[in-house]
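This report goes through selected features of one protein model. Please have the sequence and coordinates open while reading.

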Amino acid sequence: MGRHDVEGSTNDHERRRFARALLDDLEALDRMCADGLIESGVRRVGAEQEMFFVDRTQGPALVGQKVLERLGDPLFTTELGLFNLELNLPPCTFGDTCLSDTEAKLDAALERIRETAAEVDADVLLVGILPTLAQTDLGLDAMAPLPRYRELNDLLTTLAGGSFRTLIKGLDELQVSHDNVLLEACATSFQAHFQVGPEEFPRLYNLAQVVSAPVLAGAGNAPILLGHRLWHETRIALFEQSLDTRSEAHKARGIRQRVSFGDRWVRESVLEIFREDVAHFRILLTADVHESSLEVLARGEIPQLHALCLHNGTVYRWTRPCYGLVDGRPHLRIELRSLPAGPTVLDQVANAAFYFGLMVSLADDPGDVTTVMSFDDAKENFLAGARYGLKAQFRWFDGETISARSLILERLLPLAHAGLESAGIPAADRDRYLSVVEARVRSGQTGAQWALDSLSALEGLKSRDAQCRALTQAMLTRQRAGRPVHEWTLATEAELTDWREHCRTVGQIMTTDLFTVHPEDLVDVAASLMEWEHIRHVPVEDSDGKLVGFLTHRMLFRYLAHRQAGGGEPAAVREIMHPDPVTTTPETSCLEALQLLRDRRVSGLPVVRGDRLVGIITERDFLSITVRLLEPDSSGATTA
């Protein structure tokens with residue numbers, strides 16, 4: 001997907017030409033593997049670092065293109081969202097100080113990006129999913145202005161029938177429909193690459209599938225999406241669903257998604273995966289391929305396999321095979337895509353060290369992992385690690401059930417130490433990175449768990465938006481300090497230092513945890529609800545979540561007074577509710593909403609998106625904001 005000269009595959013003639021080039025690439029790769037032309041006996045590693053840009057309110061900042069232009073460095077590249085950027089580290093030989101060198105390069109690059117982002121009034125955050133993202137941030141105006149992204153969006157959206165539907169259940173439940181692919185841009189990762197020889201590819205690829213589960217369980221850093229607490233690594237569920245273009249018939253037949261763990265072990269060759277993906281997934285993007293890879297190979301030269309690499313970039317296996325060239329020599333590598341960005345550079349390199357150490361250690365084991373574990377167990381382990389983090393239970397070798405925590409501490413960390421040692425990693429670096437993983441697992445404080453615990457500590461901030469902004473500011477502060485996440489203190493309400501920036505729109509301060517009634521409910525039920533929950537406003541919605549009315553405590557007082565005076569039988573809510581209430585939207589400014597309250601002489605406003613109820617804002621909310629703004633800061637001055 002790094003090529004800019006791509007087109008959507010809507011032209012049948014161009015698609016057929018590209019398909020021919022794709023088949024030639026597969027044949028060329030098969031011959032290169034058979035003839036020993038693919039590099040073997042060399043271990044190189046590399047990484048891709050994705051990141052978010054945030055503004056001074058901790059919301060997403062659409063500055064990616066501006067920062068990229070100012071950097072002027074080919075190591076940096078665009079991502080789908082303008083609030084993202086990607087850094088590609090050059091590959092290095094695995095051994096000696098490669099891990100500490102990687103950490104130093106990442107630190108230096110991020111400091112450079114932070115300085116550049118500051119020029120456009122933004123900051124950089126490493127996190128799997130930015131907690132402050134809202135669905136309104138995901139319009140096409142937030143997409144990087146490159147033709148290939150717009151082409152990809154149009155093609156995938158058409159295949160998906162016009163919208164992508166996401167349903168994820170965790171502590172909360174998120175169900176959302178979105179009309180473009182930018183939900184994908186909500187997820188950022190730290191992708192680790194591990195070079196392998198063609199003859200060992202099947203065995204090591206299968207190993208990577210197996211170890212990805214415990215590595216991910218200890219690395220989760222994406223528990224919040226659109227204000228909902230979901231999986232410890234919600235990226236996994238989000239990415240799989242946000243690009244799901246299958247029809248209902250395809251889903252019924254169990255056809256695999258473009259984003260997946262896979263369906264079976266690799267038995268003989270990397271070609272199994274590439275052929276399977278060509279067979280299963282329609283060509284989305286094409287590009288001009290000026291010469292057949294088979295003709296290049298016939299001349300004794302090494303082909304780039306452009307068509308294969310482009311198609312491979314539109315199929316998103318969590319463990320993905322890659323073909324490339326280093327100094328003119330072709331090689332294969334395994335890309336681990338499941339690890340999230342953050343919480344710190346140190347945490348990320350520690351995760352990579354754990355993974356690389358396991359790969360080297362288990363690669364020396366002559367046994368075949370497919371004889372001691374079924375593929376279904378490997379897949380289920382992966383999903384459990386993503387959903388539950390260190391609380392996951394795994395079905396390990398020979399059917400043994402073991403907790404993620406015990407597996408990592410008692411068995412895998414010693415193996416990783418041995419693997420790093422055999423690769424020539426110095427003792428100081430082995431201890432530095434693996435001790436971070438060990439301390440994180442012993443404490444149970446992954447990035448995901450820290451975020452969830454911090455949200456609980458921020459319950460004094462009634463709005464989920466304010467909680468997420470305080471959480472994000474705490475991430476920024478602690479990430480800059482560089483201490484690993486297991487040493488972080490929980491976020492506090494004091495993280496929100498400028499309340500004016502956090503109460504500009506209704507969406508930032510509205511209440512979303514709503515108590516509602518149905519129009520056919522008994523009025524006495526609504527009255528009891530108000531008494532029990534100490535609330536003065538209750539929206540009325542139908543079974544589809546559509547706002548159809550509004551109840552206030554004054555309406556109930558009048559009704560109850562009438563009842564006490566002998567005024568008839570118990571009534572339904574629809575008989576006394578206001579059927580056409582004054583409403584506002586999440587994007588409305590707080591000043592406009594306050595003026596609306598005053599002009600229409602109402603004490604509360606249901607907040608709607610379209611005709612769907614999404615929140616409520618009341619006079620009491622504005623009073624709480626005023627109190628916050630008048631509180632003195634540490635210098636004795638007030639915010640207002």
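## Basis of the values

This is a predicted model, in which local features need pLDDT of at least 70 and side-chain atom pairs count only at pLDDT 80 or more, while totals for chains, interfaces and linings use all residues. Residues are numbered from 1 along each chain as its sequence is written, and side-chain values use heavy atoms, with hydrogens and water left out.

Helices (H or I, at least four residues) and strands (E, at least two) are DSSP runs, numbered from the N terminus. Buried means under 20% relative accessible area, exposed means over 50%, and partly exposed lies in between (1.4 Å probe, protein chains only).

## Nonpolar cores

A nonpolar core is a set of buried Ala, Val, Leu, Ile, Met, Phe, Trp, Tyr and Cys residues joined through side-chain atoms within 4.5 Å. The largest one has 174 residues, and those touching the most other members are Leu29, Phe94, Leu99, Phe354 and Tyr355. Helix α11 gives this core its largest share, 14 residues. There is also a second, separate core of 15 residues, with Val540, Tyr559, Ala571 and Val573 among them.

Contact means heavy atoms within 4.5 Å. Beyond its neighbours within four places in sequence, Phe354 is in contact with Val215, Ile408, Leu412, Leu413, Ala416, Leu434 and Val437.

On the α13 side the contact includes Ile408, Leu413 and Ala416; on the α14 side it includes Leu434 and Val437. By class, the contact of α13 with α14 has eight nonpolar, one polar and six charged residues. Here Ala, Val, Leu, Ile, Met, Phe, Trp, Tyr, Cys and Pro count as nonpolar, Asp, Glu, Lys and Arg as charged, and the others, Gly among them, as polar.

In α8 (residues 271-280), Leu271, Ile273, Phe274, Glu276 and Asp277 are buried. The cover over the buried residues of α8 includes α1 (12-34), α5 (201-217), α10 (306-312), β13 (316-317) and β14 (319-326).

## The loop between β15 and α11

Arg337 is found in the loop between β15 (329-336) and α11 (345-363). It is buried, with a relative accessible area of 8%. Leaving aside neighbours within four places in sequence, Arg337 is in contact with Ser189, Gln191, Arg235, Phe239, Tyr316, Arg317, Trp318 and Arg320.

Pro343 lies in the loop between β15 and α11 as well. A cis peptide bond, with omega about 0°, joins Gly342 and Pro343.

## Positive phi values

Most residues other than glycine have a negative phi, and most peptide bonds are trans. Gln58 has a positive phi, near 70°; Gln58 lies in the loop between β2 (44-54) and α2 (64-71). For Asp121, phi is near 60°, and the residue is found in the loop between α3 (98-118) and β5 (123-125).

Are these residues buried or exposed? Gln58 counts as buried because its relative accessibility is 5%, whereas Asp121, at 52%, counts as exposed.

Leu125 is in strand β5 and is buried, with a relative accessible area of 0%. Not counting residues up to four places away in sequence, Leu125 touches Met51, Phe52, Leu130, Thr472, Met475, Leu476 and Gln479. Leu125 and Ala341 are 216 residues apart in sequence and 8.9 Å apart in space, C-alpha to C-alpha.

Gln445 lies in the loop between α14 and α15 (447-457) and is buried at 14% relative accessible area. A polar atom of the Gln445 side chain lies 2.8 Å from the backbone oxygen of Val485. Gly460, in the loop between α15 and α16 (464-481), counts as partly exposed at 38% relative accessibility. Gly460 and Glu39 are 421 residues apart in sequence and 58 Å apart in space, C-alpha to C-alpha.

Note on methods: A polar contact is a pair of N or O atoms within 3.5 Å; within protein, one must be able to donate a hydrogen and the other to accept it, and residues adjacent in sequence count only if both atoms are side-chain atoms.
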